[in-house]
Every structure is written in C-alpha cells, then in structure tokens.
Amino acid sequence: MRRLTPVLAILCALFLWTGVASAYPEKPVNMVIAFTAGGSSDVQARIMQKYWNKYAPQPWVFIYKPGAGGIIGFTEIANARKDGYTIGGLNVPHIILQHFMQNARFSPDSFDYICQVVNDPQCIAVRKDSSFTTTHAIADFAAKNPGKLKVGLVGPLSGHHIMYMDWQRKLPDAKLTHVFYKGAADQNAALLGGEVDLIIGNINDVMRSIDEFRVLNVAAEKRNEFLPDVPTLREDGIDIVSDIRRVFAAPKGLKPEVIEKLRAIFKRICEDPDYLADMKKAGQPSEYLDAAALKSYIDEQSALIKGLLEREGLLKKK
Amino acid sequence: MTEFIIPSLLNLIDPLNIVLMLLGLTGGIIIGALPGLSATMGVALMVPATFALDPISGLIMLGAIYAGAIYGGANSAILICTPGTPSSVATTFDGWPLTQQGRADVGLYTSLLSSAFGGIVGTIFLLCLAASLARFALQFGGPENFWLCLFGLSTIAVMTPDNMGKGILSGAIGLLISTIGLDPNTGSARFTFGTYALIQGVAVIPCMIGLFSFSQVLYLIGTDKTYIAEYRPQKGNFLNVFKYLVSKCKVVLLRSSIIGTGVGMLPGAGGEIASIISYNEAKRWSDEPSRYGKGCIEGVAASESANNAVIGGSLIPMLTLGIPGSAVAAVILGALMAHGVQPGFKIFSASGELAYSFIFSQFAVNLLMIPVGFVLCRCMARLLSLRLTLVAIAIVVLAYIGAYAINNSLLDIWVVFVFGLLGFAAGKVHLDTGAMALGVILGPMIEENLGKCFDLSRAAHGGLLQVMFEGGINKTLVVALLLSLLTPIVILRKNRRNRRQKEETASTAENAPTTELAEHLPHHWGADVLAGVICLAIALAFGLQYEGLEGVSAIFPEVLCSIIAAGGLYFVVKGLFKRGKNLRHEKEEVAWKNVFLITLAGFLYAIGIVFLGFYSSTILYIVLISLALMSSKEGIGKTSVKALIFAAVFSLAIWICFTNLLNVPTPTGFLF
C-alpha cells in the first residue's frame, strides 16, 4: 500500500495537471431541456446557443427530457456526471415546489447554479371589455362579493399558485375563486370565453392574445419593457412581487474552474446586445443575475414558499 | 382582404414554395406513417429550419408537414392496424379489416381522398368564417369540454354493441391507466407503483404503440402466416373508390369534415376525438351499421376526413386569438411568434399576405396530397408482400425507438412492452383495445375538466349542478350523450332487421362492397373468466395505492376501480356459469411458441437497450430472433447471414433517418 502512495500521488498530479491545462470545454456540452422542443424554454435556450457558439469552442447537444412539469428533466440534470459536460435549464419556483410537494428526488441544493437569464413576471389581466380597470377595483368587488370573481391560474403548484396564495395572505378579504388550467393557452381561452373574470398570467403568455386583454398590473419590482404603460402592483399599493425565472445550472460538485468558466461564458452572452435584441424579439423578458445573487434569491423564495404552503395546510409533515 | 389575394396566390406559384410543400408533404406522410413519430414532433423538429426561410415559406412548409402527417397516420393504421398518429385510431376499425380481406388498396385510396376532402373543407371554414367561429369556440369551457369528452367516450357503446360489457370495462381500464402520474388537480404523484419515473405518467403515444403495434406483432406472429395479409390490388380501384365516395359517401364525408372542423377549433380537443366522434356518427346514422368494423369504406372515410378537417379548425383560434386548437397548432403558433408575427383578428389585415398565403397554401397542399400520397401509399403497400416475420421484427424495433424518441425516455420503451402484452391478452379475451386507447386519450381531459367544474362550482349559487348544466351548449351535449347511449339498441335493431331482409332476399346479388354478416358466437367461458381476472388484478393494483389522495383526484380513480372490480367479478361468475352449459364458441389457433419467443426477445431487447445501447442491442435482437423464428428448411448458417445483413441494413436506415435526418438521439449504454 505504501508503495502505491507515490504512484497515486503522481496519477493525481497528472490528473489535476490535465484538468487545469486542457481548457474546458473540449467536447460538446449536453444541454438538458426539461420541456418539449419548440416550447418557451427551448426557444430561449436556442437563442442562447447562437451566442454560446460565438464565445465557446464546443457546441451544445440538446436533450429534451420533458415530463411531470419538468421534474424528469430537472432530476436528469441533478444526477448527471459532475464534469461540466451536462448542464441544463431550470425554472424557479418549479424546483422549489417540486422539492416540497411532489416527492422530487432533488432539492434546490442539488445544483451548481450558473446564472439567471429570464425573469418573466406574473401580471393580472382581464378581458378588454371588462369593467375592471384597476386591481384595486377587483379587490374591492371581491371583498363585497366574496368568492364571486373567478381567477384563472396555471397550476396547481406553480408560480401562479404561489402568487395566488400570497394574494390570499396579503388581501385576506378579497376572496376569489380559483380555477386551475393545464397551460397558458387554456387559461387565455378561458379568460376570452368569460369562464373566468381575471387571470394571473406571465408576460410571455398574455402577449399572445394582447389584442383582447387589458393588463392591469405587473407583479414585479419595476415596470416591464414589454408593457411599459402597465404599473407594478407595488406602484398601486399592493405589495406582491411574483415571477417565473429561467436559470441554467449544473449538477452540484463541479470543479471550481469548470463552473467559473461556464459562469464567465454565460455572463458574456447575457451582456451581448445582439442577444438581448433577439430575446426581446422572441418575447422573452431577459434579466441577468449572477450565481451568488441567484442562490440567495432561491433561498429566500424557498423560505417564502415554505411559509405559504404551511399556511395553506398543503405541506404535509414527512 | 381582396388586396391580399393576388400577392398570396403569387406566393403559391413561387417554385421554392412548391418545393417546400412537396417536401413537407412527403416528409409529413412518412413521419405520420411511422408509429411513434407524430405530427407534433414532425412539425416541432422543422421549426428551427423555418428560421432560415422567410416567414411565409416557413409557415407554408409547416402547414404541409401538418397535413401530410395527419394523413400519413392512416397508412399504417390500414396496413398493419397501427395508428401512425393518435388521430388515426378510428381508421383501424375498418381499415384493417379491409387489408385482411386483401383490399388494402381500397382502404388506402379511401383514406387519401377523404383526407384531402376533409382538409379542404376545414380550410374553407378557416377562410370564410374564422372570426365568428373563433368566438363560438371560446364558449367551450370546463363543463362543455367535460360533456364533449364523455360524448366521445360513449363511442365505446356504439363500437361494440354486442360486446358492450367488456367494451365499457376496457374503456374504464384505459381511463384508470391515464390517472398514473402527477394528478392534474392537486399536483401530487399517484399510482406510481413505487417507480420514480412513472411520475411522468403513461404517455399516450407509447401506450398506443404498445396497445396497437406491439400487440399486433404478437397477434400476427401468433397467426403463423407467411404474410400479414393477402394483397390483391386491382387496376381501376382508385377510380372506383373515387366514384363510390362521390356517389355514396357525400353525407358521411361532409358531416365528418364539419365535425372535424368544429372539434379542431376547441382548444382542448384535437384530431383523436374528432375522428372517433365522426366514426361514431357515421355508424349511428348508417342504414346498415353492422357493416362497420368489417371493412366498410364509409368508416375509413369518416375517420380520415374528420382528422384532416381538424387542421383548418385548429388554425382558426390560433390565427385569430393566439389560442392553438391542437398541439401542432401550438407549435406553429410558437414559430409564428418567433418570426415576430402577432396573432389576433388583426392578422388578416396587419399580416394579411402571410395569413392568406398560408390559408391558400392549405388548399394547394391538400390537392398536392393526392398525387404525392398516391405514390407513397403504393410504396407502403409493398409492406404486405414482405415476409411476416421480417415485418414483425421491424415493427418492434420501430416501436421501441419511436416511443423513446418522443420524450427521450427509457420508461416509454417499457410502456410499449407492457401495454403490448396487455393489448395482446386483452384481444384474446375479447376486451377492446380501441376502447382502452380511447380511455387513455380522454382520461386526462375528463379529469382535468371535471376538476375545473368543481373549482367553478364554488363561485356558483347552484353549485356543481348549475355549472354542469348551465347554458345551451351543455344541455345540447347532455342530450346528445343520452341519445348516444341509446344508440346500441337502435343498432342492434337495425342489424336484426337487415338480417331478416337479407334472409328474404338471399338470392338477389349485392353490388355494394359488403362482407358477410358473421353470426355472433358467444365467447369461450375461459375468455370471460380471464377477462374478469385481468380486471380484478388491475383494480387491485390501483386500489392498493389510494392512500393520501383527496378530492377529485381520489373520486375519479375510485369510481373507475369500483366499476372495473364489479365488472371483473361479473365476468368471472358469468364465465364459470357458462362452463356448465356446453355452448358452441369461437375457436382460434395460436402459435404460442412464437408468441412466447417474440415476447421474451422483446423483453431482453428492452433490457439490452438500457445496458448495451440502442444499435448494438438492435443488431443482437434481430439476429437472435431471426434464428429463433427461422423456418426449418433453411440452415442456421444461411439464416444468420441473412439476419446479419437485414440487421445491418435496417440499423443503418434507422441511423440515417433518426440520428441524421431527424436529429433524434438514440439510447446509449456500454456499447453504442
């Protein structure tokens, strides 16, 4: 055994040396997308790919692993080899909710985060011919007629659901009846058809039928470039900020130089003006956040969401 | 609108666009015909390619792929009883019997002409009535869609009037299977049988590949024939079919196309429901319903014209409101938005040239489909002149890789295998795989919309009942559903009357292409007992996993489990009771040895894909199964050489098609 030690040491040194000397990436990088090809996440990643090819010597190989609202693909990323050659897109708050509520075999701590690329805020929308012109008017009406107004959400256990829980906590008198829809298309149709009176929808989705909708407020810290005339909820005195974020991540435990390299490349992409222009054209509200800021945001959201789920009695003790 | 017509028509005679239409159609038909590659996938795969084109050409090509794929699904439905896309389930009901009678060409031509007709009708509605129809489609909310799905489900009763008990049970089993995975109303995982991967649920397409393709392989191998079916094409059949459709099927075609357009407009329902409802209606209103299911041209025409009419329908809300009427329309919407085109009623003015070019191109595509489809379907009919074992082996390989390709999920390969066995067993004990598939397709929609009804009822005075029965559409659908449930009685009566008439006029010749009205023989008592046992086993397997479910997500599976258990018990008792009496019953010879061999090989193959990788295990599988199934006349040496050549050629073909052309990754293991 003793005789082996120097051999091992040499091997280790050699390994480290090659690791340092050969610049990552030296082979194509697998990009796991947890949703179907052609979906919103895919479109965003495809735009990134264009600029990744500009800044990195190796291409991406797209691997689609859709299913169970992203759980299947996210698990794939969490369990991938920690060599930096498999990375993927994650959505927040999806990964937090799936960890708490859906027996997912990963937690927000299973990943090494690269950065955030999209912040798609929720907004409150009604039909163009609706009598409501402000969110306050809705809250007042709901307080006088509890449960009469129907709000359409994509869900359950989604960003919309979280925002709705937050609404219930902060505006306890304004009681709405919530109806869950499978996706944004169904939800938009329900609002247009009058099945629900308002929806909580994302910018990216309400823009599809924007001719027919009136967006009352955006649940963001600042106004959105896609709807510059729409005030934030905070501007109107309702303290709700809620959104869906797209981030990129690798399985936890990458070598520091590899993850830092990834972070550096992504940062350069996100600062490229052509990239930002392409994102805007595709209706993707981009917002860059570096890994540290993103991690603290996710931790903060985890605590908030845990509190909301406990309050609703949804979080079962394990 | 008028100012856009001429530039739009000029766009259509642009050689590039004509080439794109032809390529799109050809590619679409092939993708559609291959079980596992669906229309959605075909269109989604080509979206990135459109970014290199201008938006109009890109959209024209996507539209051509869409039309081609929906039609293409009929070819495999007719030739090997495997719907190429979920929209063609109903095509198998009459298309496959036609093939078995050696009249595959009649079925293929019928599907081609009906598809083109349906596509054109759908496009006419899109062109003329888009705005008003889109508004109407929005009236369909949760309750309306719930009743519509139930109406679709009531097809089971019409499909199997003399075997209704087992039909209903099969449908219930399908519905129960669809509850596996994350439940749509609370988001919690259920019925995962302790397998993490099952959290994604049983996907519809792999399940159907199993129920139809894989089980069909077992069935065909079990028949111990040399070829799938005799194929006796007759010259002039294309014209005969055309004449028959024009003279006898006007009403069926028109009705089915209108149903297709209507269902296509609804955001929740697509081609799979439209074709089934149209088939159902064609049979219901027919004077001789007993001809259906035995190779009736009207049946194929109804199903195929409806699913192509869905295309025009699904584009109506997509273009005018930004709400896709089908999964494919959703992908096209994504492509449209990526090109910076904003959907909305304004699209006909703001992007008028694009909108009208696209709509007119759909007319052109449907007309071009006739010659393109004619050539392709004659090529595909060659399949019938290949040796059965060869076809069977190839179907298994395609079924596995096709199922895998949808979600890149190894689980889906096991879904194919398990549902293949279930489908085969079900067929042997006269449970109905068509009804089962219907349940799997409609289950999620029924449960989701039922959940919406419960949600909505909290805001209504009259509670759930008010929500479910409010408004004209709901009442109409409920009445239609009730009438539909009474139909089996009408059909049985019509059958009896026709049989009497037939006996009276036995001597007069019939010129319509009908088949003999087979006298219905009671099933073997063992089949009943086995069917009952299967039902009880399934009810038990699900029943043990109720823990922790609540609300709609518990009620729905509980009701289904109870129905299945009760039905299972009934058939066990009925079977045992029948045993006492000595009844005449149907007999079927099955080459059990071959069935066992191909099942075992399929099992080992699925394991091999996980550990060895796709191509290496495919070659191994083909060689081994060829040796196992070889005829005694040829020696081992000769067979293995042949098998190796076949394996190599086939793997190469898959490698070119899947890995290179379609960019679909194949599973890798230790090897390749």
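Visitor: In this predicted model, how many residues of chain B are in contact with the 41 residues of chain A?
Guide: The model is a prediction, and contact is counted for heavy atoms within 4.5 Å. On the side of chain A, 41 residues take part. On the side of chain B, the number in contact is 39.

Visitor: Which three residues supply more than any other three of the area that chain A buries against chain B?
Guide: Chain A and chain B bury about 3500 Å² between them, and 55% of that area is on carbon and sulfur atoms. Of the area that chain A buries against chain B, 16% is supplied by three residues. These are Glu195(A), Arg208(A) and Asp211(A).

Visitor: Which residue of chain A meets Arg135(B) in a salt bridge?
Guide: Between chain A and chain B the count is three salt bridges. The side chain of Arg135(B) takes part in a salt bridge with an N to O distance of 3.1 Å, and this lies inside the 4 Å limit for such a pair. The partner on chain A is Glu212(A).

Visitor: Which element of chain A gives the most to the side that touches chain B?
Guide: The two chains have 11 residue pairs in polar contact, with both residues at pLDDT 80 or more. The elements of chain A that give two or more residues to this side are strand 2 (60-64), helix 3 (71-78), strand 6 (177-181) and helix 7 (184-193). The most, six residues, comes from helix 7 of chain A.

Visitor: How many charged residues has the side of chain A that touches chain B?
Guide: By class, this side of chain A has 19 nonpolar residues and 11 polar residues. The charged residues on the side of chain A that touches chain B number 11.

Visitor: How far apart do the C-alpha centres of domain 1 and domain 2 of chain A lie?
Guide: Domain 1 of chain A is made of 25-119 and 244-311, while domain 2 of chain A spans 121-243. The C-alpha centres of these two domains of chain A are separated by 27 Å.

Visitor: With which residue does Asp243(A) form a salt bridge?
Guide: Three salt bridges are found across the interface of domain 1 and domain 2 of chain A. For Asp243(A), the closest N and O atoms of the pair are 3.0 Å apart. The residue paired with Asp243(A) is Arg245(A).

Visitor: How much of the area buried between domain 1 and domain 2 of chain B is on carbon and sulfur atoms?
Guide: Domain 1 of chain B covers 2-499 and domain 2 of chain B covers 592-661. The contact takes 24 residues from domain 1 of chain B and 23 residues from domain 2 of chain B. The two domains bury about 2100 Å² between them, and the share on carbon and sulfur atoms is 89%.

Visitor: Which helix provides the largest share of the side of domain 1 of chain B that touches domain 2 of chain B?
Guide: Across this interface of chain B there are zero salt bridges, and one residue pair is in polar contact, with both residues at pLDDT 80 or more. Helix 10 (204-223), helix 18 (388-407) and helix 19 (410-428) of chain B each give two or more residues to the domain 1 side. The largest share, 11 residues, is from helix 18 of chain B.

Visitor: Over which residues of chain B does pLDDT stay under 50?
Guide: Chain B averages a pLDDT of 85, and 95% of the residues score at least 70. Where pLDDT is low, the predicted coordinates should not be read in detail. In chain B, pLDDT stays under 50 over residues 509-519.

How values were computed: Residues are numbered from 1 along each chain as its sequence is written. Chains are lettered from A and ligands numbered from 1 in the order in which they are written. Side-chain values use heavy atoms; hydrogens and water are left out. Buried area is the accessible area (1.4 Å probe) that two parts lose on being put together, summed over both. A polar contact is a pair of N or O atoms within 3.5 Å; within protein, one must be able to donate a hydrogen and the other to accept it, and residues adjacent in sequence count only if both atoms are side-chain atoms. Helices (H or I, at least four residues) and strands (E, at least two) are DSSP runs, numbered from the N terminus. Ala, Val, Leu, Ile, Met, Phe, Trp, Tyr, Cys and Pro count as nonpolar, Asp, Glu, Lys and Arg as charged, and the others, Gly among them, as polar. Domain bounds come from an automatic or database domain assignment. pLDDT is the predictor's confidence in each residue, from 0 to 100.
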